[in-house]
Amino acid sequence: MDTRGQPMPCPYDQFQYRTRRKKTDTVQSPERSAGHSERRVSLGAQIAKCRRSGERLNATQHNKIQQNTTAHQRHKMSAENPLEWPEDCGGEAEWWKHVRQTHDNNDATLDLDVKTLPAFAGENGLYSAGFLRLRNPPRVPMGDAGVRVLVEKGLASVPWLTELRIGSNNIGPEGMETLMERGLRSVPQLSVLVLFDNPIGAQGAETLAERGLPNIPNLTTLVLFSSSIGDEGAKALAERGLPGVPQLTQLYLSGNSIGDEGAKALAERGLPCVPQLTQLNLSDNSIGAEGAKALAERGLPSVPQLTQLYLGDNSIGDEGAKALAERGLPS
């Protein structure tokens with residue numbers, strides 16, 4: 001049903017080409033996981049019947065056809081464009097098989113994290129206090145050279161990607177420039193970006209802010225802990241990065257040597273741009289009382305939906321703690 005309570009019209013234009021195909025198509029379900037078989041749906045038959053009778057599809061039927069058609073298109077794209085490791089790059093890297101698997105299975109997540117750390121809180125959250133659940137064995141880091149292959153040969157083949165994890169891959173400023181300028185443009189639907197424990201520095205953070213985040217406006221989770229971005233990197237994210245991702249709900253910046261200046265920039269110019277933020281991790285930095293006061297007075301009031309705030313292993317002192325307790329802590 002639409003917003004007025006009326007049945008939705010049969011989407012003739014969008015799905016007309018489907019009626020010329022076989023009556024029953026084999027389509028892989030978007031929710032399919034390992035061990036599940038492919039299900040068969042008669043998309044062409046449904047639409048042909050709708051056209052003959054003049055019936056209207058309800059919202060559930062309409063959404064189901066859209067999802068299955070999208071899955072079919074992905075499956076067809078994967079079959080017609082198999083991924084091959086570039087011959088001029090020597091032997092195939094171990095991480096490439098995960099790219100190929102994501103491509104062949106039409107997965108929405110590409111997980112290339114080298115290290116994964118166990119979460120110490122939460123049952124079903126993606127992250128807890130900035131740590132990942134232990135899931136995969138260690139892998140060999142791809143480095144900046146691997147990023148070039150990933151961008152040129154991998155990401156363009158999975159434009160439907162919504163989650164990209166490349167934590168602890170020894171990616172530096174050069175690799176970040178390649179990934180941000182050419183890679184993220186290929187995956188505009190990305191909602192989760194994981195870049196923890198890469199030595200990108202302030203320069204890499206600036207590249208992310210200026211040339212990366214504007215390409216993925218639907219981002220909801222950014223994981224950037226232990227990346228050595230410092231105050232300058234935090235300022236770049238606050239001033240030029242966060243304004244481009246207004247739907248952000250989770251931001252992890254722990255272990256980045258961010259001091260009072262970086263905290264002030266985030267409070268005054270960054271957080272007001274992401275009013276839907278629910279989790280903010282600034283633990284294990286160099287934030288003092290002044291930075292904590294800025295967060296309490298000018299930053300946290302602009303994110304009213306915040307439910308989790310991590311500031312452990314900083315030097316906020318009694319004054320900073322008092323300011324947070326009186327004006328800043330989420331209720």
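Buried residues, meaning those under 20% relative accessible area, with exposed set at over 50% and partly exposed in between (1.4 Å probe, protein chains only), make up 47% of the 331 residues in the chain. The model is a predicted one, in which local features need pLDDT of at least 70 and side-chain atom pairs count only at pLDDT 80 or more, whereas totals for chains, interfaces and linings use all residues. Residues are numbered from 1 along each chain as its sequence is written, and side-chain values use heavy atoms, with hydrogens and water left out.

The pLDDT is the predictor's confidence in each residue, on a scale from 0 to 100. Its mean over the chain is 76, and 65% of the residues reach 70 or more. In residues 1-42 the pLDDT is below 50, and this stretch has 79 contacts in the model beyond near neighbours in sequence. The pLDDT is also below 50 over residues 65-80, a stretch with 40 contacts beyond near neighbours in sequence. A contact here means heavy atoms within 4.5 Å.

The surface and the contacts of the chain may be described next. The chain exposes about 15,700 Å², of which carbon and sulfur atoms supply 46%; accessible areas come from the Shrake-Rupley method with a 1.4 Å probe, and for residues only the protein chains shown count as cover. The secondary structure comprises 11 helices and 9 strands. Helices (H or I, at least four residues) and strands (E, at least two) are DSSP runs, numbered from the N terminus.

Helix H5 covers residues 143-154, and its buried residues are Gly 143, Asp 144, Gly 146, Val 147, Val 149, Leu 150, Val 151 and Gly 154. Among the elements that cover these buried residues are helix H4 (96-104), strand E3 (109-111) and H6. The axes of H5 and H6 come within 8 Å and cross at roughly 10 degrees. Axes are lines fitted to C-alpha atoms, for helices over the stretch in contact, and angles run from 0 to 180 degrees between N-to-C directions. H5 is therefore roughly parallel to H6; angles under 35 degrees count as roughly parallel, over 145 as roughly antiparallel, 65 to 115 as roughly perpendicular and the rest as oblique. On the side of H5 the contact is made by Asp 144, Val 147, Arg 148, Val 151 and Glu 152, and on the side of H6 by Glu 174, Gly 175, Thr 178, Leu 179, Arg 182 and Gly 183. An α-helix has 3.6 residues a turn, so residues three or four places apart point the same way. The residues of this contact of H5 with H6 divide into 3 nonpolar, 3 polar and 5 charged. In this scheme Ala, Val, Leu, Ile, Met, Phe, Trp, Tyr, Cys and Pro count as nonpolar, Asp, Glu, Lys and Arg as charged, and the others, Gly among them, as polar.

Helix H6 (residues 173-183) also packs with helix H7 (residues 201-212), at an angle of about 5 degrees and with the axes 9 Å apart. That angle makes H6 roughly parallel to H7. Pro 173, Met 176, Glu 177, Met 180 and Glu 181 of H6 form this contact with Gln 203, Gly 204, Thr 207, Leu 208, Arg 211 and Gly 212 of H7. By class, the contact of H6 with H7 has 4 nonpolar, 4 polar and 3 charged residues.

The contact of H9 with H10 contains 5 nonpolar, 2 polar and 5 charged residues.

Most residues other than glycine have a negative phi. Ser 168, which is not a glycine, has a positive phi of about 55 degrees. Ser 168 lies in the loop between strand E4 (163-165) and H6, and at 7% relative accessibility it counts as buried. Asp 284 likewise has a positive phi, near 55 degrees. Its place is in the loop between strand E8 (279-281) and H10, and Asp 284 is partly exposed, with a relative accessible area of 45%.

Finally, Arg 240 belongs to helix H8 (residues 230-241). Leaving aside its neighbours within four places in sequence, Arg 240 is in contact with Glu 206, Ala 209 and Glu 210.
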